[in-house]
Amino acid sequence: MRIGHILSLVFLFAGSLHVDARAQDAALIARGEYLARAGDCIACHTNPGGALFAGQLAMPTPFGTLYSSNITPDRETGIGDWTADQFYAALHTGRFPDGGLMYPAMPYGSYTKVSREDSDAIYAYIRSVPAVHQQNRPQDLRFPFDNRSLILGWRTLFFQEGAFKADPAKSTEWNRGAYLVEGLGHCGMCHTPINALGGNTQSQAFQGGLIPMQNWYAPSLTSNKEAGLGDWSIEEIVDLLRSGVSHRGAVYGPMAEVVFDSTQYLNDADVRAMAVYLKSLSQGTPPAEAVTTVPAPESSLLLHFGQTVYEARCALCHASDGRGMPPDYPPLAGNPSIQMESSVNPIRMVLNGGFPPGTKGNPRPFGMPPFAQSLSDDEVAAVVTYIRAAWGNRGTPVSARDANLLRTAPQD
């Protein structure tokens, strides 16, 4: 064989290897983008109207205001100097490359379960986005919370480092759902009660609680009395995660942002796996018998007043019998989100209104108008009390003071 032919074959082989390497890099980056969506990284690290992953999103907390960091590959102001090992360590341990402690607004309590393989894919994706030269904004926390050394105490109480461990007694699908919900999805950050120190414990995982940063209530996922999905079909849960609406209800507030930025982009297998796991958290749990102190509607002036407001303002969409017109207008009769122990969410919806997220499966969502300007605190309290007690619902009453507190509270 001539030397020229041999050299041609060598060059062809080398070129093939180069093409294969580029294809592998592209596949890794695409997988990293998908996983970053699953982790909802955009929601915190991209300021509305700002550059992708350039940070500076303000996050009010009971301790002051935190600002998200620039995670673009800019070498001076971003994480362009980080290695894959350092990036994984940040997710897994909640520490910067120099050993500094991250504030727990970064959900490393959940991300510690992310696999090294998935971390490397996300790292490859983030390194592929445009670098943005933008300094991080200093955190604005009150004394003594501006002292990062205090995070050591918080970590001792609330952080447990460790990889995700599959349950051999469960199916592969269930374990995949658990990995996404408990790890990348960091659902426990909102759906687990937050105490005065800003921490939550594994013993109360997914039991629900108020989100102080956003003035919304994240319902329990372990109780069918709240947002437990044990009585939902897998298809109904998939619809909610994929499009933001189902025949059982719709998502609003922070959960609408999760669907918009994250879960609508997941593939069918992963959304179904999450649904399987979420359903299992409360499967077989009967609805708790909530005792209402509100008298029967026909004998209660409060409920009669609330019914009058409801018929005038709400019945056109939600129907006089509370059945609604799902999926566009969710039912209120028998709706667990209406009957939860906390009345924060229904009060907020009456006051501020809202829309489910605009998704591929529901690109033009029907929304609810705000009534803060047209209803008094007494009217808001009456109509929310009515929908929590009518049609067999078992919610407890709310007061005009409850309505006023949320009317004047900072909104997200």
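This is a short tour of a predicted model of a protein chain, from its overall make-up down to a few side chains.

**Ground rules**

In this predicted model, local features need pLDDT of at least 70 and side-chain atom pairs count only at pLDDT 80 or more, while totals for chains, interfaces and linings use all residues. Numbering starts from 1 along each chain as its sequence is written, and side-chain values use heavy atoms, with hydrogens and water left out.

**The whole chain**

The protein chain has 17 helices and seven strands. Helices (H or I, at least four residues) and strands (E, at least two) are DSSP runs, numbered from the N terminus. Of the 412 residues, 47% are buried; buried means under 20% relative accessible area, exposed over 50%, and partly exposed in between, with a 1.4 Å probe and protein chains only. The accessible surface comes to about 20700 Å², and 58% of that belongs to carbon and sulfur atoms. Those areas come from the Shrake-Rupley method with a 1.4 Å probe; for residues, only the protein chains shown count as cover.

Contact means heavy atoms within 4.5 Å. Take the contacts between residues at least 6 apart in sequence: 64% of them join residues at least 24 apart.

Three strands make an open sheet in the order β1-β2-β3, with antiparallel pairing. Its edge strands are β1 (58-61) and β3 (140-141), each pairing on one side only. Two strands pair if DSSP finds at least two bridges between them. Four bridges join β1 to β2 (residues 64-67), and A58 has Y67 in β2 as its bridge partner.

**Two helices worth a look**

H92 belongs to helix α3 (residues 84-93) and counts as buried because its relative accessibility is 12%. Leaving aside residues up to four places away in sequence, H92 touches T112, F159, E161, G162 and A163.

F159 turns up again in a cluster, where ring pairs link it with Y108, W154 and F158.

Helix α7 (residues 172-184) has 13 residues, which at 1.5 Å a residue should span 18 Å; its end C-alpha atoms are 17 Å apart, so the two agree. (The expected span is 1.5 Å times one less than the number of residues.) Buried residues in α7 include W174, Y179 and L184. Just after α7, H186 takes a positive phi of about 35 degrees.

**Rings and charges**

How many aromatic pairs does a search of the whole structure find? The count is 12. Rings of Phe, Tyr and Trp (its six-membered ring) pair if their centres lie within 6.5 Å; planes under 30 degrees apart count as stacked, over 60 as edge-to-face and the rest as tilted. Here are two of the pairs:

| Pair | Centre to centre | Between planes | Type |
|---|---|---|---|
| Y329 and F366 | 5.3 Å | 65 degrees | edge-to-face |
| Y386 and W391 | 5.5 Å | 75 degrees | edge-to-face |

F366 has a relative accessible area of 38%, so it is partly exposed. In the other pair, Y386 is buried at 4%, while W391 is partly exposed at 26%.

Charges sit over rings too, meaning NZ of Lys or CZ of Arg is within 6 Å of the ring centre and within 35 degrees of the ring normal. R37 has its charged end over the ring of Y265, 3.9 Å from the centre. The charged end of K170 sits over the ring of W174, 5.3 Å from its centre, and W174 is one of the buried residues in α7.
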